[in-house]
Amino acid sequence: MEREEEAEVRAERKVKKAAQLLLFRRHRVPGVKGWELKRALGEDYIDVIEVLNSALDNLGLEVRRISEAGEGGIAEKEEQRAERDRFMVVLKSPVIEKASGERIDNVAMLAATLAYIISKQGKVPRKAVEDFLSDKFPKQRIFFVLDRFIKQGYLGEDDKLVYIGWRTRAEVDKKTLLDLILSA
């Protein structure tokens with residue numbers, strides 16, 4: 001009987017620690033790597049995250065697991081992949097309009113860039129994105145914002161090709177974004 005209570009208290013403590021790790025940002029990049037959660041919470045960190053996820057469900061939040069390498073990477077064990085993935089808390093549904101804190105023109109540039117990249121099947125030369133955005137936005141602002149979104153993980157860049165970053169996969173519902181753009 002006493003062991004059950006101890007186990008329950010220990011599990012509750014792990015869930016609180018997981019919430020603290022995931023909700024309070026310590027670095028420029030939000031979220032926590034799987035290996036950090038494993039080190040802080042123990043081998044059963046995936047189970048702890050599932051319990052935290054059910055608690056966050058009442059608040060309209062969820063813990064989302066994102067692979068920074070992209071989907072469909074090298075086949076490996078689930079446990080190894082989970083340690084390299086990033087876990088972060090996101091809104092379950094985007095009902096809050098002012099949740100990002102970004103300037104509206106920056107959000108517009110990101111939305112236009114994402115729609116352009118999606119329409120070109122996932123990868124676009126950076127120069128093409130800059131030319132596409134230069135019709136509506138000042139050039140010096142475009143360079144600054146693209147670099148910033150690449151640093152924040154919304155976009156990725158490899159050999160002057162821009163692609164959708166891990167943070168966009170975590171925070172943006174691409175289907176809804178395209179539906180909103182097409183219906184405007």
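The model is predicted, so local features need pLDDT of at least 70 and side-chain atom pairs count only at pLDDT 80 or more, while totals for chains, interfaces and linings use all residues. Residues are numbered from 1 along each chain as its sequence is written, and side-chain values use heavy atoms, with hydrogens and water left out.

**Overall picture**

- The protein has nine helices and six strands, taken as DSSP runs (H or I of at least four residues for helices, E of at least two for strands) and numbered from the N terminus.
- Along the principal axes, the C-alpha atoms fill a box of roughly 70 × 35 × 30 Å.
- Of the 184 residues, 34% are buried (under 20% relative accessible area with a 1.4 Å probe, protein chains only; exposed is over 50%, and partly exposed is in between).
- Among contacts (heavy atoms within 4.5 Å) with a separation of 6 or more, 65% come from residues 24 or more positions apart.

**Helices H5 and H6**

- Two packed helices are described by the angle between their axes and the distance between the axes.
- For H5 (residues 104-119) and H6 (residues 126-134), the angle is about 130 degrees and the axes are 10 Å apart; axes are lines fitted to C-alpha atoms over the stretch in contact, with angles from 0 to 180 degrees between N-to-C directions.
- H5 and H6 are therefore oblique to each other (under 35 degrees is roughly parallel, over 145 roughly antiparallel, 65 to 115 roughly perpendicular, and the rest oblique).
- On the H5 side, Met 109, Ala 112, Thr 113 and Tyr 116 meet Ala 128, Val 129, Phe 132 and Leu 133 of H6.
- The residues of this contact divide into seven nonpolar, one polar and no charged.

- Strands E5 (residues 155-158) and E6 (residues 161-164) pair in the antiparallel sense over four bridges; pairing requires at least two bridges found by DSSP.
- Within this pairing, Glu 157 stands opposite Val 162 in E6.
- Two residues lie between E5 and E6 in the hairpin, and Asp 159 in the turn has a positive phi of about 55 degrees.

**Glu 43 in its loop**

- Glu 43 sits in the loop between H2 (34-41) and H3 (45-57).
- Glu 43 counts as exposed because its relative accessibility is 60%.
- Leaving aside residues up to four places away in sequence, Glu 43 touches Lys 38 and Glu 79.
- Glu 43 and Glu 79 are 36 residues apart along the chain, and their C-alpha atoms are separated by 9.9 Å.

Terms used: Ala, Val, Leu, Ile, Met, Phe, Trp, Tyr, Cys and Pro count as nonpolar, Asp, Glu, Lys and Arg as charged, and the others, Gly among them, as polar.
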